[in-house]
Amino acid sequence: MAQAAATSSAATRPEADVLVDLRAEFSETGLADVLQNLDRDLVGLAPVKLRIREIATLLLVDRVRKRLGLESEAPTLHMSFTGNAGTGKTTVALRMAEILHRLGYVRKGHIVSVTRDDLVGQYIGHTAPKTKEILKRAMGGVLFIDEAYYLHRPENERDYGQEAIEILLQVMENQRDDLVVVLAGYTDRMEMFFRSNPGFRSRVSHHIDFPDYSNEELLDIAERMMARQNYVLDSGARAAFADYIALRRSQPLFANARSVRNALDRARLRHSARIFEVSTGALSAAELSTIRAPDILASRVFHMRDAQSDVSRG
């Protein structure tokens with residue numbers, strides 16, 4: 001009988017003599033490729049990238065442990081991404097969905113990105129079906145809720161956001177093995193949101209803050225954006241855009257990489273108008289793809305600076 005008990009114990013004991021090569025596991029899952037793509041897609045954000053790598057390795061180790069019979073409680077994977085606009089939160093969520101899928105924590109690895117309007121109805125009985133439909137679409141992947149704090153509007157007694165919140169909280173708890181929710185928004189507003197809705201804070205285990213980009217990083221982002229569209233900034237345009245960044249980020253509604261992209265779109269418009277006006281014959285590919293200083297300096301950001309300078313001198 002003692003022998004039978006010993007045999008039973010041995011059968012349930014983890015395989016202590018099995019060795020695991022975590023580096024090989026890391027390579028086989030393709031995590032290295034995902035993290036390299038994250039580095040390629042996003043400039044800077046060192047603390048964010050480090051945290052994503054830490055989460056990825058935690059889940060890798062957890063998966064290996066489970067395979068060896070070292071059972072533990074399933075990790076909570078719901079996340080909060082906080083930071084200013086244009087700091088790469090959506091891109092990181094896309095890569096996180098890919099990581100979760102490669103490691104088997106979600107079935108599909110897709111991402112459904114929504115805001116309050118996608119979840120909250122405008123009349124009684126409208127919110128529940130809207131929210132449930134979004135959740136149905138997101139199952140097996142990641143639900144990314146941008147500006148999540150708008151779900152909660154305590155100043156409006158007739159607001160239906162609380163109904164959406166209650167449905168989300170229930171699904172985040174009961175179906176956390178089939179859905180990961182990422183709540184995103186400005187840092188201070190998200191902190192107020194969590195204080196007002198402690199149920200969310202208790203269900204979110206990973207809080208990741210996205211820092212603003214430096215001026216040098218934004219210039220690097222600009223050149224990468226241009227390269228993806230087969231444009232280049234010549235030396236004069238590059239210097240002018242560095243000045244533009246320094247001026248623009250001191251103004252209201254600056255949105256990091258998003259503001260850079262919008263500025264470059266307008267520079268391309270001015271570039272097209274300029275070369276059309278001066279062209280008298282065939283143009284080279286270089287002229288069709290080179291942004292020059294006048295295309296940048298025509299921005300209203302410089303005009304505003306010059307106007308303020310005139311006022312101060314007057």
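Colleague: Start with Asn-230. Is Asn-230 buried or exposed?
Modeller: Asn-230 is exposed, with a relative accessible area of 63%. Buried means under 20% relative accessible area, exposed over 50%, and partly exposed in between, with a 1.4 Å probe and protein chains only.

Colleague: What are we working from?
Modeller: This is a predicted model, in which local features need pLDDT of at least 70 and side-chain atom pairs count only at pLDDT 80 or more, while totals for chains, interfaces and linings use all residues. Residues are numbered from 1 along each chain as its sequence is written, and side-chain values use heavy atoms, leaving out hydrogens and water.

Colleague: Back to Asn-230. Where does Asn-230 lie?
Modeller: In the loop between α11 (215-228) and β6 (232-233). Helices (H or I, at least four residues) and strands (E, at least two) are DSSP runs, numbered from the N terminus.

Colleague: And what is the phi of Asn-230?
Modeller: Positive, about 60 degrees, although Asn-230 is not a glycine. Most residues other than glycine have a negative phi.
Colleague: What about Leu-45, what is its phi?
Modeller: Leu-45 has a positive phi of about 55 degrees and is not a glycine. Leu-45 sits in the loop between α3 (31-41) and α4.
Colleague: Buried or exposed, Leu-45?
Modeller: Leu-45 is buried, at 4% relative accessible area.

Colleague: Now the helices on either side of that loop. At what angle do α3 and α4 pack?
Modeller: About 170 degrees, with their axes 11 Å apart. Axes are lines fitted to C-alpha atoms, for helices over the stretch in contact, and angles run from 0 to 180 degrees between N-to-C directions.
Colleague: Parallel or antiparallel, α3 and α4?
Modeller: Roughly antiparallel to each other. Angles under 35 degrees count as roughly parallel, over 145 as roughly antiparallel, 65 to 115 as roughly perpendicular and the rest as oblique.
Colleague: Which residues make that contact?
Modeller: Leu-31, Leu-35, Leu-38 and Asp-39 of α3, with Lys-49, Ile-52, Arg-53, Ala-56 and Leu-60 of α4. Contact means heavy atoms within 4.5 Å. By class, the contact of α3 with α4 has 6 nonpolar, no polar and 3 charged residues. Ala, Val, Leu, Ile, Met, Phe, Trp, Tyr, Cys and Pro count as nonpolar, Asp, Glu, Lys and Arg as charged, and the others, Gly among them, as polar.

Colleague: Next, how do the axes of α4 and α5 cross?
Modeller: α4 (residues 46-67) and α5 (residues 89-102) have axes that come within 10 Å and cross at roughly 15 degrees. They are therefore roughly parallel to each other.
Colleague: Left-handed or right-handed, the crossing of α4 and α5?
Modeller: Right-handed. A crossing is right-handed if the near helix is turned clockwise from the far one by less than a right angle, and left-handed if anticlockwise.
Colleague: Which residues of α4 and α5 meet?
Modeller: Val-48, Ile-52, Ile-55, Ala-56, Leu-59 and Arg-63 in α4 meet Val-92, Met-96, Ile-99, Leu-100 and Arg-102 in α5. That gives 9 nonpolar, no polar and 2 charged residues.

Colleague: Change of topic. How many residues does α8 have?
Modeller: α8 (residues 161-174) has 14 residues. It reaches 20 Å from its first C-alpha to its last, close to the 20 Å expected at 1.5 Å a residue. The expected span is 1.5 Å times one less than the number of residues.
Colleague: Which residues of α8 are buried?
Modeller: Gly-161, Ala-164, Ile-165, Ile-167, Leu-168, Leu-169, Val-171 and Met-172. Among the elements these pack against are α7 (127-138), β4 (180-185) and α9 (187-196).
Colleague: How do α7 and α8 pack?
Modeller: At about 35 degrees, with their axes 9 Å apart. The crossing of α7 and α8 is right-handed.

Colleague: Last ones. What does Val-204 touch?
Modeller: Not counting residues up to four places away in sequence, Val-204 touches His-78, Met-79, Ser-80, Met-172, Leu-183 and Phe-194. At 6% relative accessibility, Val-204 counts as buried. Its C-alpha is separated by 7.2 Å from that of Leu-77, 127 residues apart along the chain.
Colleague: And where is Phe-254 found?
Modeller: In the loop between α12 (235-248) and α13 (257-278). Phe-254 is buried, at 18%. Leaving aside neighbours within four places in sequence, Phe-254 is in contact with Leu-218, Arg-248, Arg-249 and Ser-259.
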